[in-house]
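The sequence and the model come next, followed by the description.

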There are 2 protein chains.
Amino acid sequence: MMQKILSPEGLGAALRSERKKRKLSQTAVGKAVGIDQPTVSKVEKGNPGTELGTLFRLLAALELELVIQPRQKPAKDTKGDIW
Amino acid sequence: MMQKILSPEGLGAALRSERKKRKLSQTAVGKAVGIDQPTVSKVEKGNPGTELGTLFRLLAALELELVIQPRQKPAKDTKGDIW
DNA sequence: GCATTTTATGTCTTATAAGCTATAAAATGT
DNA sequence: ACATTTTATAGCTTATAAGACATAAAATGC
């Protein structure tokens, strides 16, 4: 999906989506990297207090990596080059 | 640079690099989003305890966004298609 | 070299994350 | 509808983040 993530909520949503794609439970991904299920739940719900260590362990469990890029430009008006 | 980030250290390094690219001090980026300089320092040094809230505020200060993607495949042997 | 800016480190306080465990609530499958 | 699995909440404990502030150490510019 390659969505732009701008907040803990967005990140949580992305992680949940990826986990489901892999058909894993919170317990399963958590266990793989030593995080308990309630913690996985909080991350996915967008808890801003989640620590980076926790985030990267989850990314590892899902075999994902992070990339940072310039913030998307406001409008990329669907083809036309009117102005 | 679009580098793959796999750890708090990598993330910290990327953030520092982007901040320098913009020629801002830790104090400056921090002040822009209400984070004190010592905290910015710790983030850039890869503190795994850094909270997501702090991370996203820094990303905002630098006008960056996050993307998650599948982990890079091991080797992408420079062109050839030998096997 | 020295003055100035920037980054790192340290202390004290307050707030809260995460582990652990339990359990409630919701979703899923048959 | 019911049993089973999954996710959300909650309490308790321990560890530590971040703010505020001070200051040391490093880097930058002249």
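What percentage of the 83 residues in chain A do buried residues make up? They make up 34%. The structure is a predicted model, and everything below refers to that model.

## Chain A

The secondary structure of chain A consists of four helices and one strand. Along the sequence these elements follow the pattern α-α-α-α-β. If contacts in chain A between residues at least 6 apart in sequence are considered, 51% of them join residues at least 24 apart.

Helix α4 of chain A, residues 52-61, is mostly covered, with eight of its 10 residues buried. These buried residues are Leu52(A), Thr54(A), Leu55(A), Phe56(A), Arg57(A), Leu58(A), Leu59(A) and Ala61(A). Their cover comes from both chains: it includes α1 (8-21), α2, α3 and β1 of chain A, together with α1 and α4 of chain B. After α4(A) comes Glu63(A), which has a positive phi, near 55°.

## Contact between the chains

Chain A and chain B each contribute 26 residues to their contact. On chain B, three elements each supply at least two residues of the side that touches chain A: α1 (8-21), α4 (52-61) and β1 (64-70). β1(B) gives the most to this side, with seven residues. By class, the residues on the side of chain B that touches chain A are 15 nonpolar, six polar and five charged.

The two β1 strands also pair with each other. Strand β1 of chain A, residues 64-70, runs antiparallel to β1(B), and the pairing extends over seven bridges. One of the residues involved is Ile68(A), whose bridge partner in β1(B) is Leu66(B).

How are the two copies related?

## Surface near DNA strand C

DNA strand C is surrounded by 19 residues, the closest being Thr39(A), Gly49(A), Thr54(A), Ser25(B) and Pro38(B). Thr54(A) is also among the buried residues of α4(A).

The elements that each supply at least two residues of this surface are α3 of chain A and, from chain B, α2 (26-33) and α3. The largest share, four residues, comes from α3(B). The surface near DNA strand C has three nonpolar, 11 polar and five charged residues.

## Surface near DNA strand D

α3(A) gives the most to the surface near DNA strand D, with four residues. By class, the surface near DNA strand D divides into three nonpolar, 11 polar and five charged residues.

Definitions and conventions: Residues are numbered from 1 along each chain as its sequence is written. Chains are lettered from A and ligands numbered from 1 in the order in which they are written. This is a predicted model: local features need pLDDT of at least 70, side-chain atom pairs count only at pLDDT 80 or more; totals for chains, interfaces and linings use all residues. Two residues are in contact if their C-beta atoms, placed from the backbone, lie within 7 Å. Ala, Val, Leu, Ile, Met, Phe, Trp, Tyr, Cys and Pro count as nonpolar, Asp, Glu, Lys and Arg as charged, and the others, Gly among them, as polar. Two strands pair if DSSP finds at least two bridges between them. A residue is near a molecule or strand if its C-beta atom, placed from the backbone, lies within 6 Å of it. A residue is buried if 20 or more other C-beta atoms lie within 10 Å of its own, exposed if 12 or fewer, and partly exposed in between; C-beta atoms are placed from the backbone.
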